[in-house]
Amino acid sequence: MLLKIYQEQVEQNHIQHDPAQLQVLQHLQNLQDNLLEHLQYEEKSQLQKLFSPAPNEIKSVYIHGDVGRGKSMLMDLFYEACPVEQKRRVHFHAFMLEVHEFVHQWRKQKSEGDMILSLAEKIRASTLLLCFDEFHVTDIADAMILGRLFTQLFASGLVVVITSNRHPNNLYLGGLQRDLFVPFINLLLEVCITVDLVAKEDYRLKHLHELKTRYYFPIDTQADAFIQNSYDELTAFAAKEPGKICVKGREITLAAVHGDVALSSFSELCEQPLGSADYLELANEFTTIIITDIPKLSVAKRNEAKRFSTLIDALYEHKVKLICTVEVAPQELYMQGDGSFEFERTVSRLIEMQSESYILGRHIVD
Ligand SMILES: Nc1ncnc2c1ncn2[C@@H]1O[C@H](COP(=O)(O)OP(=O)(O)OP(=O)(O)O)[C@@H](O)[C@H]1O
Ligand SMILES: [Mg+2]
């Protein structure tokens with residue numbers, strides 16, 4: 001039972017009781033019950049079906065609300081608990097990358113038939129329940145694809161849980177040829193129960209404020225404890241499970257990922273041959289990144305320094321919150337060597353990223 005899991009977390013002081021969240025959870029519980037009812041019904045023989053009442057219609061759930069209110073947390077709680085095998089949780093951005101890749105391959109191979117229908121069939125073959133985090137539409141091509149794709153997917157029985165900062169009526173607002181997108185909005189409103197999560201506060205901000213610092217230096221015996229506490233605070237004590245992100249067919253492994261929080265070390269991020277595309281992907285997928293063990297960079301570490309600058313630029317431009325443990329103060333990170341002049345921008349950004357106004361900024365997703 002979802003309410004019970006929530007209650008346990010409250011009792012363990014991992015989260016605060018919030019009636020608005022409970023309301024959303026009730027909708028998710030109903031969805032779970034309906035899904036199971038359907039699956040059980042489907043397993044019956046034709047004869048048994050004849051004598052059983054048809055299960056209730058399944059309503060997908062669309063959760064919208066301001067940042068940090070717990071939409072993703074509730075979705076995760078539901079996702080973990082939901083005993084449906086064919087389930088998938090995906091970040092909207094990653095999903096669109098997959099869609100683009102499919103379209104690319106389709107065109108390259110000059111395949112015949114209806115591309116969107118084939119894509120829908122491919123998705124539906126492995127997924128009954130799709131949990132979609134951070135749904136948003138900014139691009140005309142995406143708007144058109146999404147409309148057609150989800151019309152097919154819903155028709156084939158796919159069920160979704162969506163989180164978004166916008167009510168369906170406000171999706172793709174002011175976008176080019178928006179009238180072509182409106183039928184999709186109406187479809188969303190039809191298949192989903194739309195809930196506005198008006199939680200008590202921006203919990204992400206609250207947790208960030210509760211950290212002693214966000215730029216921890218020097219690296220002393222307490223540094224590991226600082227990282228653990230920060231991770232606990234930001235993920236409601238989630239287990240540290242490694243995560244992956246995919247960039248152009250390459251996989252990047254991160255030490256721990258939970259929802260929109262990632263934990264990784266300097267060496268994982270800046271001592272590997274990663275580049276701008278990888279860092280942009282990170283910045284799009286995560287609202288908060290914890291980077292451990294950033295060393296003072298010597299002249300010989302110019303490549304690492306360059307990568308670190310590119311990483312910080314990507315995080316900064318997307319207003320990703322940064323928590324880190326570092327050997328030295330920002331000004332002492334990279335003082336001499338190739339590009340040390342340009343590195344001053346990185347220093348300045350690192351400092352600004354600690355400021356209250358930066359922390360208050362909204363995560364920007366491409
Ligand atoms: N009731 C709560 N008590 C304490 N912490 C909470 C509570 N609900 C959520 N949090 C924490 O607040 C942070 C933000 O929650 P979450 O990521 O779910 O927000 P969101 O609504 O998805 O935000 P966004 O719109 O930016 O994606 C997370 O670290 C989450 O664990
Ligand atoms: Mg979220």
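Start by colouring the chain by domain: the assignment gives domain 1 (2-196) and domain 2 (203-360), with bounds that come from an automatic or database domain assignment. Before you click further, note that this is a predicted model, where local features need pLDDT of at least 70, side-chain atom pairs count only at pLDDT 80 or more, and totals for chains, interfaces and linings use all residues. Residues are numbered from 1 along each chain as its sequence is written, while chains are lettered from A and ligands numbered from 1 in the order in which they are written.

**Stop 1**

The C-alpha centres of domain 1 and domain 2 sit 31 Å apart. Their contact draws 12 residues from domain 1 and 10 residues from domain 2, counting two residues as in contact if their C-beta atoms, placed from the backbone, lie within 7 Å. On the domain 1 side, select α4 and α5 (92-108), as each supplies at least two residues. Here α4 gives the most, with three residues. (Helices are DSSP runs of H or I with at least four residues, strands are runs of E with at least two, and both are numbered from the N terminus.) That side of domain 1 divides into four nonpolar, seven polar and one charged residue; Ala, Val, Leu, Ile, Met, Phe, Trp, Tyr, Cys and Pro count as nonpolar, Asp, Glu, Lys and Arg as charged, and the others, Gly among them, as polar.

**Stop 2: the ligand**

Now select ligand 1. Which residues are closest? Among the 24 residues that surround ligand 1, the closest are Ile 15, Gly 70, Ser 72, Met 73 and Tyr 203; a residue counts as near if its C-beta atom, placed from the backbone, lies within 6 Å. Show α4 (71-81), α9 (203-210) and α10 (223-235) too: these elements give two or more residues to the shell. The shell splits into six nonpolar, 12 polar and six charged residues. Both domains give residues to it, so ligand 1 lies between them.

**Stop 3: the sheet**

Next, show the strands. You'll find an open sheet of five, ordered β2-β3-β4-β1-β5, with parallel pairing; two strands pair if DSSP finds at least two bridges between them. The edge strands are β2 (87-91) and β5 (192-196), each pairing on one side only. Zoom in on β1 (residues 60-64), which five bridges join to β5. Pick out Tyr 62 there: Thr 194 in β5 stands opposite.
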